[in-house]
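Here is a short report on a protein model. Look at the strands and how they pair, then at how the chain divides.

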Amino acid sequence: MARPPRVYKTAAIVLRQRTLGDTDKIITLYSADYGKVDAVAKGVRRMKSRLAGNVEPLSHGSYMFAKGRNLDIITQAQSIETFQPLRDDLGRLSYALYAAELLDRATEERAENFTVYRLLVDTLRRLATRDDIDVVLRYFEMSLLTQLGYRPELRRCVFRGEELKKDKTALWAPALGGVVCMECKPVDVVLTALSSEALAALQLLQDGSFSEAAKPLDSGELAVELERYLRDAIHYALDQDVRSAAFMDEVRKGPGPVPQTPGAGIR
Ligand SMILES: [Zn+2]
């Protein structure tokens, strides 16, 4: 665990914020050098705060911190990018907020992991600029599970350990951490049949680069099918659900009563 000096500076992305007293907020950031950090932004609820614009969720900036007695304090912030397209489009925004909440729930404070920081930056950039946002999110989910030690086993049957045969269907067993073959088929766990295309696509999400993984998911249909499997895997890995997922689902369902934006830092 990295122990920062009394004053330190790092690039970071704001995951969420919550109010503190009448004028302050507690900001949760995922930083390049120190992992997840909770810090106080003083005075940001006042009209003229210079910090306020840089501590909104999904802000990407360079932040200066001072060690505090309990929580560290954000003393300066400089914007790196605003991801404006995310803020202009409710669909993109709902996906990005989901990604931020998932990362927040899946990580411990002050556990440095530069790859995870990089993954979040790349994901927000892709969500802001690409049209295949379902594919972007699937890649993020699988990469995050892998990075945090919850990599699903997709090559061997998790029941007996034998290698899966190529081009065969298999069964998705998220509670066991991967797939089982049709021969084993344990009786007391929830199993979902996986087509050979779905299994191959999951394997590529796990082992391929983003562009390699995105290719077979071009049509978008498979990306939506994979959402179910990855949500199961996340549910078992974290032992909790990601609340913004419901907001994302609502937005995607399309016109209807306007869904409520989840409060900026309420969880
Ligand atoms: Zn088996």
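Strands S4 and S5 pair in the antiparallel sense over seven bridges. S5 covers residues 72-81. The model is a predicted one. Where does alanine 66 find its bridge partner in S5? The partner is isoleucine 73. Five residues lie between S4 and S5, and the two strands form a hairpin.

S4 also pairs with S1, again in the antiparallel sense, over seven bridges. Here tyrosine 8 stands opposite phenylalanine 65 of S4.

The two pairings can be set side by side.

| Strand pair | Sense | Bridges | A residue pair |
|---|---|---|---|
| S4 and S5 (residues 72-81) | antiparallel | seven bridges | alanine 66 and isoleucine 73 |

Now turn to the faces of S4, which spans residues 60-66. Gly61, Tyr63 and Phe65 make up its covered face. His60, Ser62, Met64 and Ala66 make up its uncovered face.

Next comes the whole chain. It is divided into domain 1 (7-82) and domain 2 (103-253). Their centres, taken over C-alpha atoms, are 31 Å apart. How many residues of domain 1 are in contact with domain 2? There are 15, and they meet 13 residues of domain 2. S1, S2 (24-31) and S3 (35-41) each supply at least two residues of this side of domain 1. S3 gives the most, with four residues. By type, this side of domain 1 has seven nonpolar, four polar and four charged residues.

Notes. Residues are numbered from 1 along each chain as its sequence is written. This is a predicted model: local features need pLDDT of at least 70, side-chain atom pairs count only at pLDDT 80 or more; totals for chains, interfaces and linings use all residues. A residue is buried if 20 or more other C-beta atoms lie within 10 Å of its own, exposed if 12 or fewer, and partly exposed in between; C-beta atoms are placed from the backbone. Two strands pair if DSSP finds at least two bridges between them. Domain bounds come from an automatic or database domain assignment. Two residues are in contact if their C-beta atoms, placed from the backbone, lie within 7 Å. Ala, Val, Leu, Ile, Met, Phe, Trp, Tyr, Cys and Pro count as nonpolar, Asp, Glu, Lys and Arg as charged, and the others, Gly among them, as polar.
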